[in-house]
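Here are my notes on this model, set down as numbered points for you to check against the coordinates.

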Amino acid sequence: MSQRTVVIASRVGLHARPASLFAQAVAASGAQVTIGKQGEPSMDGSSILMVMALGIGHGEEVVLESEDDDVLDQLVTLLETDLDAE
Amino acid sequence: MSTQNAVLQGVGVGRGAVWGPVATVRPAPVVPADEPVPADPAAAKEKVLAAFSDVAAGLRAQAEGASATIADVLTATALMADDPALRAQTGQRIDKGEPPLHALVAVIDSFAVMFTAAGGYLAERVTDLNSMRDRVVARYQGLPEPGVPPLDRPAIIVAPDLSPADTAALDLEKVLGIVIEQGGPTGHTAIIAGQLGLPCVVRATGASSLVDGDIIAVDAANGTVTLDPDDATKAAVETRRAGLATLAEATEATEDGATADGHRVALLANIGTAEDAERLTDAAVEGVGLFRTEVLFLGAATAPTEDDQARVYARAFSALGGRKVVLRTLDAGADKPLAFVTQAGEENPALGVRGFRLVRHAEELLRTQLEAVARAAKETGGTPWVMAPMIATVEEARQFAAMAREAGIQTVGVMVEVPAAALRARDILAEVDFVSLGTNDLAQYTMATDRLLGSLVDLLDAWQPAVLDLVAATAAAGVETGKPVGVCGESAADPIMALLLTGLSITSLSMSPSAVPAVRFALSKHSLETCRAIGEAARQAPTAAEARAAALALVDPQVREVLALG
């Protein structure tokens with residue numbers, strides 16, 4: 001199991017469109033990915049409801065976990081982008 | 001379903017009107033309280049999961065044809081319907097023997113509780129969750145999709161009420177108007193309809209009896225919904241639509257004011273500060289017809305210095321670029337006393353030392369102001385017109401013109417607000433380059449009526465025949481001498497009066513910037529000849545009320561309708 005720590009770049013946090021893009025990317029990858037705040041229980045990354053319920057704000061740090069390093073790297077890139085600006 | 005031209009009365013939002021077919025919004029499905037536990041839980045679970053998938057697929061299909069903002073909402077809602085956590089939790093509850101719809105409602109509610117607790121953005125998404133829930137429940141029950149139906153032709157949306165999500169999902173290209181039975185004129189449906197410019201009637205009692213395909217006419221100005229409208233009703237709707245479209249264009253328009261046949265009338269703004277001038281940057285006015293400078297002086301314990309004044313004037317001139325600006329020198333006294341100049345103990349301050357008359361004992365005040373204006377003009381490359389208020393005699397006009405030209409002002413004028421000046425306008429125009437009529441004060445002095453006395457407001461009417469006579473006399477002197485005569489009082493903002501003034505050969509109208517679009521629109525719909533006829537008709541009337549009625553009778557019906565002139 002690999003881990004990545006990433007700071008959310010989207011100005012609105014991991015809500016709305018950014019949350020939806022993230023959940024879609026996880027689902028499309030086919031890999032099992034969890035997401036959570038440091039030290040808190042992690043959630044299924046492909047569930048937009050769970051991801052939104054985490055209530056992750058702009059500039060907050062999250063931990064991603066998966067067996068698939070390539071998928072993790074892609075997701076880190078995604079979260080480091082201001083998805084709301086695009 | 002209905003007798004022709006039966007009318008439902010409600011509360012209108014806006015002024016729009018439209019007619020077309022009804023599209024009713026379907027109510028949310030109800031989960032029966034006594035929903036049985038299915039005999040075959042596995043089959044029931046499959047059916048619920050299929051309903052989730054179908055709803056998600058439907059939302060995605062809808063998103064494809066929608067605008068970007070709505071597509072985002074629909075895609076996110078589709079993603080919720082397909083959510084693996086949601087599906088798994090619902091499935092587990094059904095496996096444990098819960099009735100399927102209760103299970104799915106319980107799971108969605110648990111997310112709704114979480115979102116509501118989080119507050120802010122997430123709490124607002126609860127509406128999306130609930131609309132997704134209603135869709136899945138309806139799908140499971142084999143009912144048509146709740147909410148706004150997909151529109152295959154332009155239609156008027158009829159509903160008990162619309163949720164914000166329903167309103168957000170509206171396909172605006174196909175929505176002609178909105179009729180709701182509940183809600184209120186300040187509710188969210190009304191607000192959104194207002195923003196979108198959709199004709200809307202709320203609290204339309206009886207609207208729930210309408211069915212898909214009924215033809216109705218919606219008149220927001222009168223708050224009515226007409227069932228099966230006849231040709232005359234439809235025609236009235238079309239007239240209003242065309243008129244409002246034209247008015248909208250006129251509001252967007254930035255072209256110079258002119259009559260239908262191209263006779264130019266400058267449309268100008270009244271301002272009081274440099275900030276006002278800066279706000280005019282995008283306003284469709286040709287310049288400033290009245291820059292009241294007293295604001296600079298009011299509240300000050302001592303007169304502002306030439307430097308201070310020059311800075312403010314320069315800022316205003318720069319903001320206006322090359323546009324025309326008419327600056328009025330200090331108009332203090334009467335209702336605008338100044339600590340450092342106003343004489344105490346005047347019994348009738350409106351008839352006392354005010355306006356240009358201050359020069360009698362405080363000449364330096366005016367000289368300093370004129371120097372400041374001239375300096376600001378030089379610094380900014382502007383060419384302001386400068387006029388003095390409260391001129392009653394030719395000598396006063398002559399004295400002011402001499403002082404202003406000495407300071408370096410090129411275009412010098414005076415206000416005509418005292419009947420004496422109006423009656424001798426020809427002689428006054430011999431001394432100055434232009435005059436501007438202040439109709440508020442002109443009415444006050446003509447009718448011997450204190451402007452501040454609300455109980456006499458009928459006497460202050462600019463439609464009073466004697467006031468119109470003085471305006472006409474001043475305008476005629478302008479024609480005779482070939483010099484501009486403007487109007488910068490409240491009356492210029494009245495579209496009917498604006499037509500009359502144009503007919504009397506007034507060359508510019510100055511008003512609050514927000515009044516300009518309606519006046520521009522009214523002007524553009526009448527020829528100079530009609531304006532002249534309006535002027536003649538009004539001037540023959542013996543009373544103010546008859547003068548206005550005579551003018552109104554000649555105003556184009558479409559303009560009357562659009563501007564609600566009565």
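**Notes on the predicted model**

1. Met390(B) is a buried residue, because 23 other C-beta atoms lie within 10 Å and 20 or more are enough for that class. This is a predicted model, and in it the phi of Met390(B) is near 60°, a positive value in a residue that is not glycine. Met390(B) belongs to the loop between strand S12 (385-388) and helix H14 (394-407) of chain B.

2. Asp228(B) sits in the loop that runs between strand S8 (224-227) and helix H9 (231-252) of chain B. Its class is partly exposed, because 15 other C-beta atoms are found within 10 Å, a count that falls between the limits of 12 or fewer for exposed and 20 or more for buried.

3. Helix H20 (residues 516-524) of chain B is largely enclosed by the rest of the structure, because eight of its nine residues are buried. The buried residues of H20(B) are Val516(B), Pro517(B), Ala518(B), Val519(B), Arg520(B), Phe521(B), Ala522(B) and Leu523(B).

4. On the contact between the chains, 15 residues come from chain A and 15 residues from chain B. On the side of chain A that touches chain B, the elements that contribute two or more residues are helix H1 (16-29) and helix H2 (48-53) of chain A. Sorted by class, that side of chain A holds seven nonpolar, six polar and two charged residues.

Note on methods:
Residues are numbered from 1 along each chain as its sequence is written. Chains are lettered from A and ligands numbered from 1 in the order in which they are written. This is a predicted model: local features need pLDDT of at least 70, side-chain atom pairs count only at pLDDT 80 or more; totals for chains, interfaces and linings use all residues. Two residues are in contact if their C-beta atoms, placed from the backbone, lie within 7 Å. Helices (H or I, at least four residues) and strands (E, at least two) are DSSP runs, numbered from the N terminus. Ala, Val, Leu, Ile, Met, Phe, Trp, Tyr, Cys and Pro count as nonpolar, Asp, Glu, Lys and Arg as charged, and the others, Gly among them, as polar.
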